[in-house]
Amino acid sequence: MSAEFSHFASHCRARVDDALDRHFPIGEDPTQLRAAMRYSLFNGGKRVRPILAYASALAIDPDINLDVIDPVSCALECLHSYSLVHDDLPAMDDDDLRRGKPTCHIAFSEANAILAGDGLQTLAFELLTKTDLPAPTQIRLIRSLAAGSGAEGMVLGQAIDLASVDHQLDLAQMETMHRHKTGALIRASVAMGAISAGANDAQIAALDSYAAAIGLAFQVQDDILDVTADTATLGKQQGADIARNKPTYVSLLGLETARAKAEELHRQAQDALASFGESAVYLRQLASYIVHRSN
């Protein structure tokens with residue numbers, strides 16, 4: 001990771017963390033709901049989706065005031081955090097660790113985790129109404145997030161994932177699953193940053209090609225790390241997918257071919273940004289980070 005990108009990513013993480021704290025303060029709550037929601041929001045996430053939204057907005061308008069993007073980035077992180085809380089539940093992946101800490105249902109009980117996920121999901125859409133953007137733009141953002149996260153996006157991918165346990169998928173089926181489960185929200189993140197910055201249709205189409213490539217690359221690299229990294233580095237149980245007999249790119253293609261697949265997707269992402277100049281530097285660096293990260 002270059003020093004320039006490391007600085008940018010750290011700045012974005014600080015921005016979204018500060019904005020999340022402002023929009024969803026600790027507050028008083030006779031239950032554990034708010035505590036469970038904040039636990040899931042502030043447990044050390046990489047903030048990839050908010051960073052993508054900031055980088056996409058800057059690719060369109062290098063002079064944009066990022067205050068405009070803060071609620072959008074917060075919404076994306078709330079939606080992503082909700083998905084992780086529910087994905088970790090006993091009825092789903094039944095994970096005990098998330099980012100090196102006990103998962104929400106271990107720390108707060110299964111019922112509180114379900115409600116925390118519900119609360120984070122609805123908070124995401126509320127936040128999109130708190131931008132200074134015109135109402136038609138807010139509606140586009142809400143539609144984009146709903147499409148990326150709902151029954152035609154992330155949730156569909158999670159359903160396919162659950163149904164694929166103990167089944168062998170071919171490459172096309174694997175890509176369909178992950179373009180929904182992981183890729184759809186990443187595509188929404190890039191689109192929402194661009195929409196907020198006033199992108200035209202051609203720019204949004206180019207950025208969507210970029211996002212589709214890195215969304216799939218993200219999952220390929222996850223599958224690689226599941227067999228090459230240790231639990232401490234991953235922040236979750238190493239080899240968890242193998243233990244559940246879930247299909248992965250490594251089990252389907254082998255480790256070296258999976259690595260080659262990730263690099264090919266990296267090239268596709270970079271090619272998609274050919275029409276952008278220096279303003280897309282952070283998107284280019286993000287693609288490299290996603291493919292070469294260690295956790």
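Student: What are the ground rules here?
Tutor: In this predicted model, local features need pLDDT of at least 70 and side-chain atom pairs count only at pLDDT 80 or more, while totals for chains, interfaces and linings use all residues. Residues are numbered from 1 along each chain as its sequence is written, and side-chain values use heavy atoms, with hydrogens and water left out.

Student: How many disulfides are there?
Tutor: A disulfide is a covalent bond between the sulfur atoms of two cysteines. The cut-off is a pair of cysteine sulfur atoms within 2.5 Å. By that rule the count is zero. Cys74 is in no disulfide; its nearest cysteine sulfur, that of Cys78, is 6.5 Å away.

Student: Are Cys74 and Cys104 buried or exposed?
Tutor: Buried means under 20% relative accessible area, exposed over 50%, and partly exposed in between (1.4 Å probe, protein chains only). Cys74 has 0% relative accessibility, so it counts as buried. Cys104, at 6%, is buried too.

Student: What span should helix 11 have?
Tutor: Helices are DSSP runs (H or I, at least four residues), numbered from the N terminus. The expected span is 1.5 Å times one less than the number of residues. Helix 11 (residues 201–228) has 28 residues, so it should span 40 Å. Its end C-alpha atoms are 40 Å apart, which agrees.

Student: How many residues of helix 11 are buried?
Tutor: The count is 20 of the 28, so helix 11 is largely enclosed by the rest of the structure.

Student: Which residue caps the N-terminal end of helix 11?
Tutor: Look for a polar contact: a pair of N or O atoms within 3.5 Å; within protein, one must be able to donate a hydrogen and the other to accept it, and residues adjacent in sequence count only if both atoms are side-chain atoms. Asn200 is the cap. Its side-chain oxygen lies 3.1 Å from the backbone nitrogen of Ala202.

Student: Where does Arg293 lie, and what does it touch?
Tutor: Arg293 is in the segment after helix 16 (281–292). Its relative accessible area is 4%, so Arg293 is buried. The Arg293 side chain reaches the backbone oxygen of Ile290 at 3.0 Å. Contact means heavy atoms within 4.5 Å. Leaving aside neighbours within four places in sequence, Arg293 is in contact with Lys46, Phe218, Gln221, Asp222 and Leu225.

How values were computed: Helix = DSSP H or I, 4+ residues; strand = E, 2+ residues; numbered from the N terminus.
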